[in-house]
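Please look over the sequence and the structure shown here before reading on.

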Amino acid sequence: MAAIYSLYIINKSGGLIYYKDYGSAGRMDTNDSLRVASLWHSMHAISQQLSPVSGCLGIELLQADTFDLHCFQSLTGTKFFVVSEPGAQHMESLLKFVYELYTDYVLKNPFYEMEMPIRCELFDINLTQAVQKDHVTFLGR
Amino acid sequence: MQFFGVSEISPSPPAPTASGNNGHMMYVFNRNGVCLLYREWNRPLRTLDAQQDHKLMFGLLFSLKSLTAKMDPTSAVEKGNLGMLQLPGQGCSFHSFCTNTYKLSFMESPSGIKIILVTHPRTGDLRESLKYIYNLYVEYVVKNPLYTPGSPIRCELFNTTLDQYVRGIA
């Protein structure tokens, strides 16, 4: 299984509502993860503005020397992005699955307020299982 | 000794990855963010005027470089604050990003020259191609005694060779 370093979920305003670290060597504190998430929100918007053809939906994959960043944006503007090792496969399927978990365990939670940080125990449990599971099972969904 | 012979440019160009002209545009910036070159081959959508577009592109690249250096998950050293100015080659840098409509490939030389090539999203890895373009820049621009460093590039030979090469790779 490819290494997944961290997962972020940001709301449509760019605020960080979920952050999970799965083993980065460089520890990021809470303030840094908030800043990184907000910066990614801005970069995503600017990349749409610089597109040479119309219909651009923003950055889907950022490739760096030591990691890849895969991003999925839902129709309502919530962004899910995962930092993985370079060349990791099936990250798009994983992000779609995280989106399903988000809709099932967060949005259907009557105690969850929109745009607020996610503190749902069932979401955490299922997300941990999904990240550790073999990704091939995602292809059959 | 032959002083005025045509020098062989090395490394040799990588094999073309696709046929047809799918390059959109190319930028070259220097260390201070001045846009030295803007070449456009296929750009139907235009949201800003030229100067603002160049500034926005440089700002995007600067921030993305800062973001990737901060987000580097394999380095345990203290990385400093976001947005802190970094030397070229220092820290983890990105080399490309992909959207549903285009792919942007990026290269920065140790002297701070940034080369950006925007192509269609299914383009493969262009890092070797950008290195070759940098060699073209060195051969036709830096070695041109009429060129002043920091000023926009107006070398017709460089433009012609660049267009010819980009048509072959993208």
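## Basis

This is a predicted model, in which local features need pLDDT of at least 70 and side-chain atom pairs count only at pLDDT 80 or more, while totals for chains, interfaces and linings use all residues. Residues are numbered from 1 along each chain, chains are lettered from A in the order written, and side-chain values use heavy atoms without hydrogens or water.

## Two packed helices

In chain A, helix H2 (residues 91–107) packs against helix H3 (residues 121–132) at an angle of about 160 degrees, and their axes lie 9 Å apart. H2(A) is therefore roughly antiparallel to H3(A) (angles over 145 degrees count as such). Helices here are DSSP runs of H or I with at least four residues.

Residues of H2(A) that meet H3(A) include A:Leu94, A:Phe97 and A:Leu101; on the H3(A) side, A:Phe123 and A:Asn126 are among them. Contact means heavy atoms within 4.5 Å. The contact residues comprise eleven nonpolar, one polar and no charged.

## Nonpolar cores

A nonpolar core joins buried nonpolar residues (Ala, Val, Leu, Ile, Met, Phe, Trp, Tyr and Cys) through side-chain atoms within 4.5 Å; buried means under 20% relative accessible area with a 1.4 Å probe, protein chains only. The largest core has 40 residues, of which A:Trp40 and B:Leu104 touch the most other members. Helix H1 (residues 50–71) of chain B gives the largest share of this core, seven residues. A second, separate core of 24 residues includes A:Ile4 and A:Phe123.

## A loop residue

A:Glu115 sits in the loop between H2 and H3 of chain A. Its phi is near 70 degrees, a positive value in a residue other than glycine. Most residues other than glycine have a negative phi.

Note on methods. Axes fitted to C-alpha atoms, helices over the stretch in contact; angles between N-to-C directions. Parallel < 35°, antiparallel > 145°, perpendicular 65-115°, else oblique. Nonpolar A, V, L, I, M, F, W, Y, C, P; charged D, E, K, R; others polar. Buried < 20%, exposed > 50% of the residue type's maximum accessible area, 1.4 Å probe, protein only.
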